[in-house]
Amino acid sequence: MIQIVIAEDQEMLLGAMGSLLNLEEDMEVVGQASNGEEALALVRRLQPDVCIMDIEMPEMSGLEAAEALRSFGSKIIILTTFARTGNYRRALQADVRGYLLKDSPSEELARSIRSIIKGDRIYSQELIDENSIEHEQDMEVIQPRLEQQTKITTVRNYLTNILDKMKLPTG
């Protein structure tokens, strides 16, 4: 069972992600945090396999928390809505294993978690700051995954999937 901590300051999205991931047979959300400080404390206490963090949160950002957890052992996935110059390089330096768009389908997030557990690194092509790529080996790590990531939708997919699975109307 893949144990997961989620840190997201938007309560509805936090609950939606937690519910969707708990529906996966091989995943269990063991903790939820609404800011980076809480995420840091939960990861240190619960020692999950994966911590999924929003990049921008109160108290401590997802990247700051990832930097603090760099050698801790849990694999870190950062979620964001927008690409910002410098964040990709910081994610690499913090040993972030996944740097993904929030508007990706929930199936893609679950698939990414499984791949990251197996040792892969997954970075959404739209988030890669080409000016930050300093080494050819960066592209060797990134390129195979970029070719697989072609589907992009909106955060509404998370909520729609929950409603579908709960058999509730979406309108």
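**The sheet and its surroundings**

Reply: In this predicted model, six strands form an open sheet in the order β2-β1-β3-β4-β5-β6, and their pairing is parallel. The edges are taken by β2 and β6, each of which has a single partner strand, so one side of each is left without a neighbour in the sheet. Within the sheet, β4 and β5 pair in the parallel sense over four bridges, and I78 has Y99 in β5 as its bridge partner. The helix α2 packs on the sheet, where it touches β1, β2 and β3, and its direction makes about 135° with that of β2.

Another helix, α5, lies across β1, β2, β3, β4, β5 and β6 and runs at about 150° to β4. The buried residues of α5 are S106, E108, L109, A110, S112, I113, S115 and I116. After the helix comes G119, whose phi is positive, near 115°.

Next come the nonpolar side chains. In soluble globular proteins, nonpolar side chains tend to be buried together. Here the largest nonpolar core has 28 residues, of which M53, A66, I76, I78, V96 and Y99 touch the most other members. Two or more residues each are given to this core by β1 (2–7), α2 (36–46), β3 (50–54), α3 (62–68), β4 (75–80), α4 (87–93) and β5 (98–101), and the largest share, four residues, comes from α2. If neighbours within four places in sequence are left aside, M53 is in contact with A7, A39, G62, A65, A66, L69, I76, I77, I78 and L79. Apart from this core lies another, of 19 residues, which includes I4, I6, V50 and I116.

Side chains of opposite charge can pair when their charged atoms come close. The count of salt bridges in the model comes to seven, and one of them joins the side chains of R114 and D26, at 2.8 Å from N to O. Since R114 lies in helix α5 and D26 in the loop between α1 (11–22) and β2 (27–33), this pair ties together parts that are 88 residues apart in sequence. R114 counts as partly exposed at 27% relative accessibility, and D26, with a relative accessible area of 27%, is partly exposed as well.

A salt bridge also joins the side chains of R90 and E67, at 3.0 Å from N to O, and it links distant parts of the chain, with R90 in helix α4 and E67 in helix α3, 23 residues apart. R90 is partly exposed at 29% relative accessibility, while E67 is partly exposed with a relative accessible area of 26%.

D95 forms a salt bridge with R121, whose closest N and O atoms are 2.6 Å apart. D95 counts as partly exposed at 22% relative accessibility, and R121 counts as partly exposed at 24%. Finally, salt bridges that share partners join E8, D54 and K102 into one network.

Definitions and conventions:
Residues numbered from 1 in each chain as written. Predicted model: local features only at pLDDT ≥ 70, side-chain atom pairs only at ≥ 80, totals over all residues. Heavy atoms only, no water. Buried < 20%, exposed > 50% of the residue type's maximum accessible area, 1.4 Å probe, protein only. Core = buried A, V, L, I, M, F, W, Y, C linked by side-chain atoms within 4.5 Å. Contact = heavy atoms within 4.5 Å. Salt bridge = Lys/Arg side-chain N within 4 Å of Asp/Glu carboxyl O. Pairing = 2+ DSSP bridges. Axes fitted to C-alpha atoms, helices over the stretch in contact; angles between N-to-C directions.
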